[in-house]
Amino acid sequence: MDCVVVSSLLGIVDQLQLLLLHNKNNPCLILPEIDLDDAQIILSTLKDKLHFLHAYLHKPNPIPISSNYPDLQAVERLNEEIRDVAKKAEDEIESKLGDVYLAANQQVMAAAYEDLHRCLQKVVKDFECIEVRIRDLQTRHTASIQRYVRDGVSSSSKYDLEHDFENTTIGIEGDVEEIKGMLIQTSSSTQLQVVSILGDRGTGKTTLAEKVYGDPSIMSHFDIQAWTVEGEVQSKRNVVIDILSCIVSLSKEEISKQDDEQLAEQLRKLLMGQRYFIVIDDLWTTEAWDYICTSFPRNSDGSRVLITTRLLQTAEYTGSMCIYRTCSLNSEESWKLFCKTATSNGKCSSLPPEFEIIGRCIVEKCWGIPLVIVLIGALLATLNNSPRQWEDILFIISSCEDRFEILYYIFEVCYHYLPTHLKPCFLYFQVFPENTEIHVKKLIKLWVAEGFVNPEMNKSLEEIAKDYLCDLINRRLVHIHKRSLDRKIKSCMLHGILHNFCVKKAIEEDIMMVSMMEDNKYLEERRWVSHQDSCWSITNSSLKTRSLFYFKENLYLAKCSAIFLSLKLLRVLDLSLIKYWHGMPSEIMNLVHLRYLALTTIGSICNSQLFMLQSLQTLILSAWTKEYQLQLPTCKLFHGSKLPAGTQEQQTLQEFQT
């Protein structure tokens with residue numbers, strides 16, 4: 001996260017330079033203790049220091065097992081110091097900048113500017129000390145650093161978001177055909193039948209189900225198809241909502257306004273008289289099955305349900321007509337799958353001899369687990385052609401002698417080799433609950449608001465963020481969930497095991513906290529706070545909190561009087577699932593650093609002082625009931641002051657001001 005804070009500081013410096021330039025030409029503003037030209041020089045100096053740090057942090061560090069890299073502990077200590085100094089500088093600068101924005105009169109503003117000026121002078125001195133230490137380390141270890149830069153991670157590849165990433169498979173073709181035959185041949189039984197795919201994690205259960213689900217013969221045979229994921233944390237209610245969202249042309253938010261009985265009855269009516277095919281991925285509990293299957297009509301038309309599960313007891317409980325077991329790949333299948341992901345053309349013959357020798361040793365250590373092989377192959381495909389790096393990776397996975405731990409070894413390796421700018425983007429997936437469908441448009445706007453995206457010439461931040469997402473998909477770390485009719489990626493998901501890894505890693509780095517009833521007291525220690533319980537309690541959040549999410553439904557909130565008092569540096573506030581009563585909470589107007597705001601409410605926001613949110617990039621407003629209309633500020637975009645309930649408009653602050 002070091003690089004994220006440095007990138008964020010660069011954005012803040014740009015913001016300050018524009019602010020000072022504007023005020024320099026303002027004859028009404030008198031700052032007796034500050035020379036604005038001198039202030040601009042300080043900002044330029046600080047910017048140079050930050051660019052130096054940014055370049056240093058983008059160089060790949062040695063992997064932990066590289067014992068020949070000298071003084072690895074010194075590098076780690078220095079990186080930790082950079083993170084601490086950068087975080088402290090970010091907090092102090094934004095706090096002082098907030099005082100400038102909220103100044104009530106010219107005298108108060110002048111005092112706030114003076115405090116900000118002194119703060120910037122101190123920050124420059126702190127970063128000067130850091131730069132001296134970095135240059136000293138580079139001088140002592142030039143040869144080693146140059147080797148790791150030369151053999152390091154290649155720069156982020158640019159991918160078209162419309163590119164059709166292949167779902168790489170080897171060794172399951174026969175299983176696909178067999179399951180298809182069982183599902184389509186209604187002569188075996190016209191009654192509703194269940195087929196189960198059973199296997200350990202990472203053995204390709206979901207991949208096999210996806211191949212069957214998307215097969216043209218399956219799609220033409222069934223009248224209705226739907227896909228849902230239960231997992232360990234998905235509620236039974238949300239599973240039904242997922243199925244309904246695949247059938248009706250309504251958003252999940254609109255569907256979720258119904259109670260449990262209404263949802264079950266609606267699903268039953270839609271499936272009645274139809275030949276349907278439902279996939280329930282990662283089914284864990286028999287209770288979930290009992291809840292879901294009551295909505296499945298017992299039609300005599302060959303309807304089918306396909307489940308994937310790790311638990312034999314669950315598969316048997318569903319009364320499956322057949323249980324298919326996924327298993328490890330043999331050595332030849334493993335090698336073919338490895339080559340398909342590690343080479344540009346997917347052919348084993350394209351590997352040079354020295355790489356093939358190391359590659360076969362790597363494959364031997366993957367235990368025949370498809371997910372392990374695919375992740376390793378995709379990682380190697382992104383690295384420069386360095387046999388040394390392949391040897392380092394072989395050394396790491398060779399130390400794992402447990403097939404049940406190998407996945408987490410691989411996750412660590414893949415995360416370590418991620419380019420610096422992709423690490424926060426990957427970890428950010430953990431703010432969403434496990435098995436959540438994440439819409440690409442929303443994810444892109446959140447990444448931009450968080451400051452994850454590094455500017456490039458002739459490209460918008462949104463376009464660059466799409467490249468980041470496609471890079472993660474190409475590395476098989478993120479999974480495409482849905483595409484639009486024109487084949488663009490509409491939504492994505494994270495594999496359940498990878499999600500658990502992200503949560504663990506983010507907590508280790510002290511940047512995230514998932515709020516449950518018993519751990520709200522720790523929220524003040526985290527940069528990202530994700531509320532996933534039914535209790536609304538964020539009074540412990542503090543200046544360290546930059547992002548706040550709430551993901552539980554059916555919470556009604558009438559007052560927010562003291563909630564936002566300590567969240568002065570908040571950048572992202574997603575309350576879209578909370579039903580607020582009275583327009584927009586007035587306390588939000590003091591969050592001058594807010595860049596992303598999503599709110600579901602009723603009433604009027606016409607009197608909300610949106611102009612105070614000077615950093616706002618994205619504003620999402622929607623009504624949560626049909627009985628009321630959401631009253632918005634009149635502007636040429638809305639052509640009036642009211643919108644029907646349930647509509648959603650997303651605009652920048654500038655558009656509200658037109």
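**Close-up views of a predicted model**

**View 1. Helix H14 packs against helix H16.**

**View 1. Helices H14 and H16 pack together.** Helix H14 (residues 331-342) meets H16 at an angle of about 35°, and their axes lie 7 Å apart. The crossing of H14 past H16 is right-handed. H14 brings Ser 334, Leu 337, Phe 338, Thr 341 and Ala 342 to the contact. H16 brings Pro 370, Ile 373, Val 374, Ile 376, Gly 377, Ala 378, Leu 380 and Ala 381. By class, the residues of this contact are 10 nonpolar, 3 polar and no charged. The model is predicted.

**View 2. The largest nonpolar core has 81 residues.** Which residues have the most contacts inside this core? They are Phe 338, Ile 362, Phe 426, Tyr 428, Phe 429, Trp 447 and Leu 472. Helix H16 (residues 370-382) gives the largest share of the core, with 8 residues. Phe 338 also belongs to the H14 side of the contact with H16. A second, separate core has 42 residues. Among them are Leu 43, Tyr 113, Leu 116 and Cys 119.

**View 3. Leu 472 and the residues it touches.** Leave out residues up to four places away in sequence. What does Leu 472 then touch? The list is Leu 418, Leu 422, Cys 425, Phe 426, Phe 429, Trp 447, Leu 477 and Val 478. Phe 426, Phe 429 and Trp 447 are, like Leu 472, among the residues with the most contacts inside the largest core.

View 4. Helix H6 (residues 173-184) and helix H7 (residues 205-213) pack at an angle of about 55°, with axes 10 Å apart. H6 passes H7 in a right-handed crossing. On H6, the contact uses Asp 175, Val 176, Ile 179, Lys 180 and Leu 183. On H7, it uses Leu 208, Lys 211 and Val 212. Sorted by class, this contact has 5 nonpolar, no polar and 3 charged residues.

**View 5. Ile 511 sits in a loop.** The loop lies between helix H22 (496-508) and strand E9 (512-515). Is Ile 511 buried or exposed? Its relative accessibility is 1%, so Ile 511 counts as buried; the cut-off for buried is under 20%. Leu 427 is 84 residues away from Ile 511 along the chain. The C-alpha atoms of these two residues are separated by 9.5 Å.

Note on methods. Residues numbered from 1 in each chain as written. Predicted model: local features only at pLDDT ≥ 70, side-chain atom pairs only at ≥ 80, totals over all residues. Heavy atoms only, no water. Axes fitted to C-alpha atoms, helices over the stretch in contact; angles between N-to-C directions. Helix = DSSP H or I, 4+ residues; strand = E, 2+ residues; numbered from the N terminus. Left-handed = near helix turned anticlockwise from the far one by under 90°. Contact = heavy atoms within 4.5 Å. Nonpolar A, V, L, I, M, F, W, Y, C, P; charged D, E, K, R; others polar. Buried < 20%, exposed > 50% of the residue type's maximum accessible area, 1.4 Å probe, protein only. Core = buried A, V, L, I, M, F, W, Y, C linked by side-chain atoms within 4.5 Å.
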